[in-house]
Amino acid sequence: MTGRGTEAGRSGGGDPRPVAVLGATGVVGRAAVRMLTRLGIGDLRLGARAAPRAEPSALPPGAEQRRVDAGDPDALAEFCAGTRLVLNCAGPSYLLTDRVARVALAAGSDYVDVSGDGPAHRLLDGSPLLDGRTAVLSAGMLPGLANVVPRILADDLTGARLVVYAGGIEPFAPASAGDLALSLDSSDDDHWYGETLAAWLGGRRRRNALPVREDVEVAGFPGRVTTMPFLTADAERLARSAGLDELHWHNVFVGGALRLTLSRLRGRVPADPAALAPIVTEIRAAAELDLAGLDPFYLMAFTVHRADRIDTAVLRTPSSFELTAATAAHTVEAVLSGGVAPGLHYADDVLDPRGLLDAVAALGALPVFRTHRFAHDEPMEAGSL
């Protein structure tokens, strides 16, 4: 476990090699570069598929820009060569899987990925490339930070019931929209992302366990919303490792355009990047339609039910992408400081929960984090008193 990084970690212990950020011109990548600089991590190498737009004077001191396509093995190897750590903010992650990690590790660099998740972990597990190197996956908001929050509420979650409401409304970055689209059909065992209506009950995954609820109120969300149960592989991993008896995860949709678009797309999303492009455009347009007239936000409410007490944590941010970037920057700092042992890890398994929450708040990405002793609102059906 690790908390805040040290000055030695920020300077790299005298290591002159740069930290590379792939996808540095994306929404998450730009925020991550800003936060790494704020943490005192200099000498950055910034890479993106598109030609860099920033003038040298607008870059962090000592940063260099490079054009690199993650789909080009030679260009990717050249980008990673001579670095001490590669932070991957590019996507969609379900198309990249372990590609960037393998090139970075082969170059002798440590590796942090804002996503990666189960598919990349399975492909990397046991690889000789990890000998003496550190790779941390799922170092974002979802997955990543979300899995540490219940551990803030209780040291021991064995036998507990965890209920989560998560959602909001904000513009989608192209890579995030791509991952969302691909997650709709990732149902095979090797690339299982999650399942609608499923829940963790009695210590195992159960299909069709919970209903969709429409036109209901949930505290913290504007107006009437739709809640859709969705058990992700990452949430199931939390349930298994923590010994939860139940885990009910409800995605909350503000407005109907995005929810209806995702329902229509389920079962017909291609894995080919070229064919995926119009679907990404469709998802982004639906999100913009739902956002009309509202301020962007993302909210997560976690309630832990135990025999003797109830505890809830509520997190609210104006940008889930900023919160992902802050989580990634803190993870990079932890790896550079030597606070994470060599090997393959999920971020929530190796980061100190309180240290992570304090770090992302200090970076300005989490303005609201509150805990209390009551369950978060159960949805109220339309017409109920």
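Which side chain meets that of Arg224 in a salt bridge? In this predicted model, the partner is Asp215, at an N to O distance of 2.8 Å. Arg224 is partly exposed, at 34% relative accessibility, and Asp215 is likewise classed as partly exposed, at 38%.

A search of the whole structure finds 21 salt bridges. Among them, the side chains of Asp110 and Arg133 meet at 3.1 Å, N to O. This pair links distant parts of the chain, 23 residues apart: Asp110 belongs to strand β5 (residues 110-113), whereas Arg133 lies in the loop between α6 (117-124) and β6 (134-137). Asp110 counts as buried because its relative accessibility, 11%, is under 20%; Arg133, at 22%, is partly exposed.

A further salt bridge joins Arg237 to Asp234 (2.6 Å, N to O). Both residues lie in helix α9 (residues 233-242), 3 residues apart, or about one turn of the helix. Arg237 is buried, with a relative accessible area of 17%, and Asp234 is buried with 13%. Through shared partners, salt bridges join Asp234, Arg237, Asp348 and Asp349 into one network.

The largest nonpolar core comprises 71 residues, and those with the most contacts inside it are Leu87, Leu244, Leu247, Met300, Phe302 and Leu315. Helix α12 (residues 320-336) supplies the largest share of this core, 10 residues. Leu315 touches residues including Leu145, Val149, Tyr298, Leu357 and Phe369. Another core, of 22 residues, lies apart from the largest one and includes Leu76, Cys80, Val86 and Ala104. Cys80 is buried, at 0% relative accessibility, and Cys89 is also buried, at 12%. A search of the whole structure finds 0 disulfides.

How values were computed: Residues numbered from 1 in each chain as written. Predicted model: local features only at pLDDT ≥ 70, side-chain atom pairs only at ≥ 80, totals over all residues. Heavy atoms only, no water. Core = buried A, V, L, I, M, F, W, Y, C linked by side-chain atoms within 4.5 Å. Buried < 20%, exposed > 50% of the residue type's maximum accessible area, 1.4 Å probe, protein only. Helix = DSSP H or I, 4+ residues; strand = E, 2+ residues; numbered from the N terminus. Contact = heavy atoms within 4.5 Å. Disulfide = S-S within 2.5 Å. Salt bridge = Lys/Arg side-chain N within 4 Å of Asp/Glu carboxyl O. Lists of a residue's contacts leave out its neighbours within four places in sequence.
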